[in-house]
Amino acid sequence: MNTPAPMPDGARVALGRSLPPALRILVASIAWIASMASTHALAADASPWPDATVDTWRGFRRFRFKVDGRTAWVVEPRAPAPGKPWTWCMEFPDAFTERTGVPTLIEKGFHHLHIEVGNTFGSPPALRSFDAFYHAVTNAGLAARGNLVGISRGGLYAYNWAARTPERVATIYGDAPVCDFKSWPGGKGTGKGSPSDWQKLIGDYGFPDEAAALRYPSNPVDNLRPLAKAGVALVHVVGDTDDVVPVTENTRLVEERYKAMGGTVLVLHKPGVGHHPHGLDDPGPVVDFILRHGTPRGGADSSRGESVRGRGNAP
């Protein structure tokens, strides 16, 4: 099929001048629409998320697509930081978001990630989906090591996946994080527990009965050595009067044991605050920690075993 030769510029101008004004406007509009369609087609071809739908999240472009049969999404910064660092909220990605510092990190060039695995407590099927998502985002050019955000039960998701693949994780930010499922949802300590969630967890993990769940040797509080060996840096934000995920049964054990292993751990305390609200009035200390330890270029270790009270207290 022969392609017509392009019309010389002068001929196009002459033709345009010979058209009535209304028709000239119509022709110009059609040309503009064709140009925009071509531009968007080229952008789609170049996108690392070619099958994604696009919307906005906190004012940034978000790409939604399927991984392992689950809905996943990536929020893109306006200007990616060198090395394309990222944060990944494992569960509750829309809870107390501004108080976690995530929007600030996106402004500073971090991508932000999530894959929907539901209320599955960091169980083996969820971890397999996390593996698939990790491969998708790193194959698209994001950094090989990232920063996990574990809010409440999301602590199980973050710590379990990090212990499975510590070379893929630079930092874990735990916010009132569950670090032992016997504490929550099991309720075998001083906390309230959740009987319905406890039964679901037993099923999700494939335990034959409660006794098997109680014997499980790999809760986060018992599985920290792979993280310490890989140099994963930990920052936790906790309310000191939390009676849902008690500090003494979760974060305090992590802090003491990780410090004894020589790991980097910072705990930010909120005196007089319970399980909610998550995050900090000023999440600057969390942002600074992740910038220091969670970018591909890294930074100096200045917070080994530090425990801070009264910074960024919630009301």
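I take a salt bridge as a side-chain nitrogen of Lys or Arg within 4 Å of a carboxyl oxygen of Asp or Glu.

The model is predicted, so I keep to its rules: local features need pLDDT of at least 70, side-chain atom pairs count only at pLDDT 80 or more, and totals for chains, interfaces and linings use all residues. I number residues from 1 along each chain as its sequence is written, and side-chain values use heavy atoms, without hydrogens or water.

**Salt bridges**

I looked up Asp 222 and found a salt bridge to Arg 257, with the closest N and O atoms 3.1 Å apart. Asp 222 sits in the loop between helix 8 (210-215) and helix 9 (225-230), and Arg 257 in helix 10 (251-260), so the pair ties together parts 35 residues apart in sequence. Helices (H or I, at least four residues) and strands (E, at least two) are DSSP runs, numbered from the N terminus. Asp 222 is partly exposed at 40% relative accessible area, and Arg 257 is partly exposed at 33%. Here buried means under 20%, exposed over 50%, partly exposed in between (1.4 Å probe, protein chains only).

I noted one network of salt bridges with shared partners: Asp 131, Arg 164, Glu 167 and Arg 168. The structure holds 16 salt bridges.

Next I checked Arg 61, which pairs with Glu 76 at 3.3 Å between the closest N and O atoms. Glu 76 is buried at 16%; Arg 61 is partly exposed at 49%.

**Core**

I then turned to the largest nonpolar core, which has 54 residues. Such a core joins buried Ala, Val, Leu, Ile, Met, Phe, Trp, Tyr and Cys residues through side-chain atoms within 4.5 Å. Leu 148 is one of the members touching the most others. A second, separate core of 16 residues includes Phe 110 and Phe 289.
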